[in-house]
Amino acid sequence: IVAQRIRPNDKLAISVFGEPELTREDYVVDGSGFLQVPLLGQIIAAGVSPDELRAEIARRLGTRFIRDPQVSVTLTERAKARFAVEGQVEHPGVYEADATTTLLAAIAQAGSLNRVAKHNEVMVFRVINGRRVGGRFDIDHIRAGRADDPQIIGGDTVVVGYSGSKGFWREVRETATMLNLFYRLRGARSPGRTGDQSMLVM
């Protein structure tokens with residue numbers, strides 16, 4: 001089971017036993033993914049689970065301020081997750097993602113590919129551990145069940161290339177090819193699926 005990850009603008013309740021000045025139910029992760037905690041200052045919160053954040057707060061408090069701190073962190077309100085679709089789709093724009101949003105669903109929300117779209121030049125850009133990475137996907141292979149349909153999460157950008165375009169890959173070709181982190185983060189690839197998706201780091 002994949003732990004739920006904190007996102008920018010999520011609301012958190014943090015409790016530190018015996019420390020009322022640290023215990024609040026209205027902590028908010030800022031747009032850059034950081035959380036301001038009394039005594040500790042700025043802590044990165046986006047991308048980690050509530051339990052991982054709890055462990056980090058306890059570690060920092062225990063190092064300098066409190067002996068054996070008892071900390072709890074609860075995600076109380078989810079921020080709306082938004083992603084962008086750009087390039088050769090009928091309705092480029094910003095849309096909301098939920099737990100069921102995949103690449104095919106994201107493109108459908110944007111009105112589907114237009115007539116000049118290059119079906120095998122669809123990129124999904126995502127920030128992972130502070131680095132912008134991009135995965136290349138073939139929509140026809142996904143539709144045919146020959147490749148997995150990756151999940152789209154808040155902060156992702158989907159860019160659809162177009163037939164005959166050299167400019168679309170000009171910048172991308174300068175990047176280094178990596179393993180497909182989208183699938184490695186989600187778990188093992190389904191049996192019988194092709195490995196034609198590639199991963200690029202910006």
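**Notebook: a look through a predicted model**

I began at Thr76, which is partly exposed at a relative accessible area of 45%. Thr76 sits in strand β5.

I listed the contacts of Thr76 next. Beyond its neighbours within four places in sequence, Thr76 is in contact with Lys11, Leu12, Ala13 and Glu25. I then took one of these partners, Leu12, and checked the spacing. Thr76 and Leu12 are 64 residues apart in sequence. Their C-alpha atoms are 5.3 Å apart in space.

**Overall counts**

I stepped back to the whole chain. I count five helices and 12 strands in the protein. The protein has 202 residues, and 40% of them are buried. Of the contacts between residues at least 6 apart in sequence, 56% join residues at least 24 apart.

**Confidence**

How high is the mean pLDDT of the protein? The mean is 82, and 77% of the residues reach 70 or more. I marked residues 167-192 separately, where pLDDT stays under 50. The model has 54 contacts beyond four places in sequence for residues 167-192.

**Gln4**

I moved to the segment before β1, where Gln4 is found. Is Gln4 buried or partly exposed? Gln4 is partly exposed, because its relative accessible area is 46%, which lies between the 20% and 50% cut-offs. Not counting residues up to four places away in sequence, Gln4 touches Val48, Ser49, Pro50, Leu75 and Arg78. I checked the pair Gln4 and Val48, which are 44 residues apart in sequence. C-alpha to C-alpha, Gln4 and Val48 are 8.0 Å apart.

**Gly33**

Val48 came up again when I looked at Gly33. Gly33 and Val48 are 15 residues apart along the chain, and their C-alpha atoms are separated by 10.0 Å. Gly33 lies in the loop between β2 (24-28) and β3 (34-37). Is this glycine, Gly33, buried or exposed? Gly33 is buried, because its relative accessible area is 0% and the cut-off for buried is under 20%. Leaving out residues up to four places away in sequence, Gly33 touches Pro8, Ile43, Ile44, Ala45 and Ala46.

**Nonpolar cores**

Which residues touch the most other members of the largest nonpolar core? I found Leu103 and Val158, in a core of 21 residues. The elements giving two or more residues to this core are β6 (81-87), β7 (93-97), α2 (103-109), β8 (117-128), α3 (139-143) and β10 (157-162).

I wrote out the contacts of Val158. Not counting residues up to four places away in sequence, Val158 touches Ala84, Val85, Glu86, Leu103, Val122, Met123, Val124 and Ile152. A second, separate core has 20 residues. Ile6, Ile57, Val71 and Leu75 are among them. Leu75 is also one of the residues that Gln4 touches.

**Rings**

I looked for aromatic pairs and counted one. I also looked for a charge over a ring. Arg24 lies over the face of Tyr27, at 4.1 Å from the ring centre.

**Positive phi**

Last, I went through the backbone angles. Most residues other than glycine have a negative phi. I noted two residues that have a positive phi without being glycine, Asn9 and Asp68.

Phi of Asn9 is near 75 degrees. Asn9 is found in the segment before β1 (11-16). Its relative accessible area is 44%, so Asn9 is partly exposed.

Phi of Asp68 is about 50 degrees. Asp68 is found in the loop between α1 (50-64) and β5 (71-77). Where does Asp68 fall, buried or exposed? Asp68 counts as exposed, because its relative accessibility is 61% and the cut-off for exposed is over 50%.

Key: Residues are numbered from 1 along each chain as its sequence is written. This is a predicted model: local features need pLDDT of at least 70, side-chain atom pairs count only at pLDDT 80 or more; totals for chains, interfaces and linings use all residues. Side-chain values use heavy atoms; hydrogens and water are left out. Helices (H or I, at least four residues) and strands (E, at least two) are DSSP runs, numbered from the N terminus. Buried means under 20% relative accessible area, exposed over 50%, partly exposed in between (1.4 Å probe, protein chains only). Contact means heavy atoms within 4.5 Å. A nonpolar core is a set of buried Ala, Val, Leu, Ile, Met, Phe, Trp, Tyr and Cys residues joined through side-chain atoms within 4.5 Å. Rings of Phe, Tyr and Trp (its six-membered ring) pair if their centres lie within 6.5 Å; planes under 30 degrees apart count as stacked, over 60 as edge-to-face and the rest as tilted. A charge sits over a ring if NZ of Lys or CZ of Arg is within 6 Å of the ring centre and within 35 degrees of the ring normal. pLDDT is the predictor's confidence in each residue, from 0 to 100.
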